[in-house]
Amino acid sequence: MTSAPTIDLFSSFIHLDHGGQVRVEQPVFDSERDGWQVMTFHVETDADVHGDHWEIHTEADELVSCLTGGIRLYFRPEQPGGEEDEIRLAAGTAAIVPRGRWHRIALDGPSDIMSVTLPRGSRLHRRAEA
């Protein structure tokens, strides 16, 4: 019987490569990286989730899961002057952000969040305050 070491999800990223290998890595987001990445964060403020930026993933959908606490997931309007769409996530729920859709997160309070996406092509854009 082989014993596997435990993984601290809050201090590591999990990388799932195209060949089927799973690796534990330093928590560094690399937008040039191939393969899926599982990221888990404890967040206290909107600054911890770069709430002042829109985020996009051009190569894949993203799964965003609220493990504890509560978060709001906002989608940038697809037409200028439109309203942001909002999804509220309570502990134990998740939502799928479609590939190529600008989005951001705001917190209802301290929370634990897990996301899964392909990092390649991801980018941030500073959000203009109204």
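Visitor: Which residues form a nonpolar patch on the surface?
Guide: I7, L9, F10 and V24 do, with about 330 Å² of accessible area together. Patch residues have over 30% relative accessible area and no salt bridge; like charges are joined within 9 Å, nonpolar side chains (Val, Leu, Ile, Met, Phe, Trp, Tyr) within 5 Å. Areas come from the Shrake-Rupley method with a 1.4 Å probe, and for residues only the protein chains shown count as cover.

Visitor: What kind of model is this?
Guide: This is a predicted model, where local features need pLDDT of at least 70, side-chain atom pairs count only at pLDDT 80 or more, and totals for chains, interfaces and linings use all residues. Residues are numbered from 1 along each chain as its sequence is written, and side-chain values use heavy atoms, with hydrogens and water left out.

Visitor: Back to V24. Where is the place of V24?
Guide: V24 is in strand 2, residues 22–25. Strands (E, at least two residues) are DSSP runs, numbered from the N terminus. V24 is partly exposed, at 46% relative accessible area. The cut-offs: buried is under 20%, exposed over 50%, partly exposed in between (1.4 Å probe, protein chains only).

Visitor: Strand pairing next. How many bridges join strand 5 to strand 8?
Guide: Five, and the two strands run antiparallel. Strand 5 covers residues 62–68 and strand 8 covers 93–97. Pairing requires at least two DSSP bridges between the strands. C66 has T93 as its bridge partner in strand 8.

Visitor: And what stands opposite C66 in strand 10?
Guide: I113 does. Strand 5 and strand 10 (residues 111–117) are antiparallel, joined by five bridges.

Visitor: Now rings. How many aromatic pairs does the structure hold?
Guide: One. F13 and F41 form it, edge-to-face, at 5.8 Å centre to centre and 85° between the planes. Rings of Phe, Tyr and Trp (its six-membered ring) pair if their centres lie within 6.5 Å; planes under 30 degrees apart are stacked, over 60 edge-to-face, the rest tilted.

Visitor: Where do F13 and F41 sit in the chain?
Guide: F13 is in strand 1 (residues 13–16) and F41 in strand 3 (residues 36–43). They are 28 residues apart, so the pair links distant parts of the chain.

Visitor: Is F13 buried or exposed?
Guide: Buried, at 5% relative accessible area. F41 is partly exposed, at 34%.

Visitor: Which ring faces does R104 lie over?
Guide: R104 lies over W54, at 5.5 Å from the ring centre. R104 also lies over Y74, at 4.1 Å. The test: NZ of Lys or CZ of Arg within 6 Å of the ring centre and within 35 degrees of the ring normal.

Visitor: How many salt bridges turn up in the whole structure?
Guide: A search finds 12. Each needs a side-chain nitrogen of Lys or Arg within 4 Å of a carboxyl oxygen of Asp or Glu. One of them joins D34 and R120, with the closest N and O atoms 2.6 Å apart.

Visitor: Why does that pair tie together separate parts?
Guide: Because D34 lies in the loop between strand 2 and strand 3, and R120 in the loop between strand 10 and strand 11 (123–126), 86 residues apart in sequence. D34 is partly exposed at 42%, and R120 is partly exposed at 28%.

Visitor: Which side chain forms a salt bridge with D108 at 2.6 Å?
Guide: R72, from strand 6 (residues 70–75). D108 and R88 also meet in a salt bridge, 3.4 Å from N to O.

Note on methods. Helices (H or I, at least four residues) and strands (E, at least two) are DSSP runs, numbered from the N terminus.
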